[in-house]
Amino acid sequence: MKSVLKFLPAATLAVGLALSVVPAAAQQAAPKAAAAPAQPKASPAAVAAAKEILQIKNANAMYAGAVPGLVQKTKIALIQQNLNYQKDLNEVAPIVEQQLNGRQNEIGDGMAQIYASEFTEQELKDLVAFYKSPLGKKLIDAEPRAIGLSMAFMNSWAQNFSETVMGAFRAEMRKRGKEI
């Protein structure tokens, strides 16, 4: 189970990427969305420390498949709109993927910039030291499992609690002479 939980962030990104692909016709009809707000420029040392934190936390695993994933989702959307081009689109997809390979690193650069704008340079250096400490290493190893177990607990709690909520609705509706 531990190996599965280490991929939770990647699965989260994959879901986000899957939801972000919109058929071209819908994109053309919708007004262009504003780009993400620009982060204030941080010092090179702060960005370097942020990149080190992300490297220690293996953050690149979250977005390593971003380019192939988006190429695949875009290809599928284009095939749905252009069934006659399926063969060509299947042949073009690997070419596009190869052309754009490496662009996923822009995600890591952006994440480092965000971290560097949210924390001071000293805080980032302190975090690097923490993540290199025995407790920091334990946190990195144990956190995916703890998050996965926490999510499972929350889902179980929500399912059980929804039965309580349903019972309360039924009781209140019964008082009104209505069975649900």
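Alanine 45 has its place in helix H4. The model is a predicted one.

Me: Why is alanine 45 called partly exposed?

Reply: Its relative accessible area is 33%.

Me: How far apart are alanine 45 and lysine 125, in sequence and in space?

Reply: They sit 80 residues apart in sequence, and 9.1 Å apart in space from C-alpha to C-alpha.

Me: What makes a set of residues a nonpolar core, and which residues have the most contacts inside the largest one here?

Reply: The residues have to be buried, of nonpolar kinds such as Ala, Leu and Met, and joined through side-chain atoms within 4.5 Å. The largest nonpolar core has 15 residues, and those with the most contacts inside it are Ala50, Ile53, Leu54, Met111, Ala112, Ala116 and Leu124. At least two residues each come from helix H4 (44-56), H8 and helix H9 (121-132). H4 gives the largest share, six residues.

Me: What does methionine 111 touch, leaving aside its neighbours within four places in sequence?

Reply: Methionine 111 is in contact with Leu54, Ala59, Met62 and Tyr63. Contact means heavy atoms within 4.5 Å, so each of those residues meets that cut-off with methionine 111.

Me: Which residues lie nearest the centre of the second largest pocket?

Reply: Val67, Leu70, Arg103, Gln104 and Glu106 do, out of ten lining residues. Helix H6 (66-81) and helix H8 (105-118) each give two or more residues to the lining, with the largest share, four residues, coming from H6. The lining divides into seven nonpolar, one polar and two charged residues, and the pocket holds about 250 Å³ of space.

How values were computed. Residues numbered from 1 in each chain as written. Predicted model: local features only at pLDDT ≥ 70, side-chain atom pairs only at ≥ 80, totals over all residues. Heavy atoms only, no water. 1 Å grid on protein atoms, 1.4 Å probe; cavity = no way out; pocket = protein on both sides within 12 Å on 5 of 7 lines; lining within 4 Å. Points joined across faces, edges and corners; volume = space filled by probe spheres on them. Nonpolar A, V, L, I, M, F, W, Y, C, P; charged D, E, K, R; others polar. Buried < 20%, exposed > 50% of the residue type's maximum accessible area, 1.4 Å probe, protein only.
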